[in-house]
Amino acid sequence: MSPQAQYYQPLVQNDVDVEQLKLKGELNDEPKAPQPQATFTWKRLLLLVLATVAVFQGSYLATSYFVRPRSDVHHRRPQGHRIGTPCAGSHRNVSSVASLPTHYTLPSGDKIPSVALGVWQAKPNEVGQAVLAALKTGYRHIDDAWSYQNEEEVGQALKESGIPREEVFITSKLGAQFHAPEDVEWAVDDSLKKLGVDYLDLYLIHFPIAVKKGTVDQVDEDLTANPYPTWKKLEELVDKGKIRNIGVSNFNIPRLRNLTANSLKYKPAVNQVELSYWNPQPDLLKWSKDHGLLLEAYSPLGSGTLVKETLNVPEIQQIARALSITPAQVIISWHVQRGTVVLPKSVNPSRIEENYHIFKLPKDLVEKLEKAAAAHPPRRVVNPSKRYNLPYDLYDDDGGVIVPDDDDLA
């Protein structure tokens, strides 16, 4: 388990004006008859006061260290916040007892951390520092992909961190140009080499689009409609020990039903999709829970200009003020409370830390947020349908895949 840092606010020790204590009772200039030395002098009183303060402060620090839950690292408030930090004087506080899951258990028995650092769009010479900052904060889940073109820098940061390989959950993804079964293992090996590891905890089919060899955007219709040959090769790599868990990304319900209708040795452990306040996908969430499939939320705050809009949604602002947490923490906590892994991305150390600390929201506020998220038409940020000149919407249509009847899957 990762080392857990402890935070506390030390008692403020008031300055003692020693000179004033010395001067009290000494302003009368008239000579006085010699007095016997007092048993309890002002100097002794001062020492007693200082000793008492020291005892109370020591007791406070000891209580903070031994009583505060050491494993509850996700539920600490960070020292710095982005725009939207709630005002002081909250009307209600986050429960100090109830907490959100720090991990989920996959079908293999492996545990996947509920909060990960996403490194999509992280620039060169920034992504490594972001990974180091995340690992220092307590993250133990890094989400990468071959197509992000930053695996080598991420791998160097993992090495520099000094954290044992087995303590960090590492994800990568299969690029669209490597769906042909004969190309899958090369792609996995390339990611392993760049990351500097000998196995991946999770490997995903990045998009349900296969591209023909030697092209950039010419779709391989057969492998796109039927990813089963690609999946069988991934299963072989699980048996070889190069991958521990396999899953998919950006699959809608028809595509999931198409894939899982086959005789699979290993069912998909995860489906990583775009989930946000603007695109909550309640139907996919329910279907996945009903079928034992864990969802991962990428772009959980929206993406690009949507992030600012998300943080300024009135309902999110209200919940943040009520709980004395930030709007970003409201959204990230909401995702985990929905039962998903959440992948916030940032290269800013203070925001990386802020995003890591999650809190269980009261049920009525969760319902309020779900209602608000469902009250507007879905707004998706990532949709490559036009890029690949698809005659259908990759997310809203079945795209020509054969979708079995529910009775056939029983």
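## Close-up views of a predicted model

**View 1. The buried residues of helix α13.** Helix α13 covers residues 349-356, and its buried residues are Ile352, Glu353, Glu354, Asn355 and Tyr356. The model shown here and in the other views is predicted. Where do the buried residues of α13 pack? Their partners are β3 (117-118), α3 (127-137) and α12 (327-337).

**View 2. Histidine 103 in strand β1.** Strand β1 spans residues 103-105, and histidine 103 belongs to this strand. Is histidine 103 buried, exposed or partly exposed? Its relative accessibility is 30%, so histidine 103 counts as partly exposed. The side chain of histidine 103 makes a polar contact with the side chain of threonine 102, at 2.8 Å. Serine 114 is 11 residues away from histidine 103 in sequence. In space, the C-alpha atoms of histidine 103 and serine 114 are 4.9 Å apart.

**View 3. The crossing of helices α5 and α7.** Helix α5 holds residues 181-195 and helix α7 holds residues 228-240. Their axes come within 9 Å and cross at roughly 45 degrees. That angle is why α5 counts as oblique to α7. The crossing of α5 and α7 is right-handed. Which residues make the contact? From α5 come Pro181, Val184, Glu185 and Val188. From α7 come Pro229, Thr230, Lys233, Leu234, Leu237 and Lys240. By type, the residues of this contact divide into 6 nonpolar, 1 polar and 3 charged. An α-helix has 3.6 residues a turn, so residues three or four places apart point the same way.

**View 4. Glutamine 149, a residue with positive phi.** Most residues other than glycine have a negative phi. Glutamine 149 is not a glycine, yet its phi is positive, about 60 degrees. Where is glutamine 149 placed? Glutamine 149 sits in the loop between β4 (141-143) and α4 (151-161). The relative accessible area of glutamine 149 is 56%, and exposed means over 50%, so this residue is exposed.

**View 5. Asparagine 389, in the loop between α14 and α15**. Helix α14 covers residues 363-373 and helix α15 covers residues 406-409. Asparagine 389 lies in the loop between them. What is the phi of asparagine 389? Phi is near 55 degrees, a positive value in a residue other than glycine. Is asparagine 389 buried or exposed? With a relative accessible area of 63%, asparagine 389 is exposed.

Conventions. Residues are numbered from 1 along each chain as its sequence is written. This is a predicted model: local features need pLDDT of at least 70, side-chain atom pairs count only at pLDDT 80 or more; totals for chains, interfaces and linings use all residues. Side-chain values use heavy atoms; hydrogens and water are left out. Buried means under 20% relative accessible area, exposed over 50%, partly exposed in between (1.4 Å probe, protein chains only). Helices (H or I, at least four residues) and strands (E, at least two) are DSSP runs, numbered from the N terminus. Contact means heavy atoms within 4.5 Å. A polar contact is a pair of N or O atoms within 3.5 Å; within protein, one must be able to donate a hydrogen and the other to accept it, and residues adjacent in sequence count only if both atoms are side-chain atoms. Axes are lines fitted to C-alpha atoms, for helices over the stretch in contact, and angles run from 0 to 180 degrees between N-to-C directions. Angles under 35 degrees count as roughly parallel, over 145 as roughly antiparallel, 65 to 115 as roughly perpendicular and the rest as oblique. A crossing is left-handed if the near helix is turned anticlockwise from the far one by less than a right angle, and right-handed if clockwise. Ala, Val, Leu, Ile, Met, Phe, Trp, Tyr, Cys and Pro count as nonpolar, Asp, Glu, Lys and Arg as charged, and the others, Gly among them, as polar.
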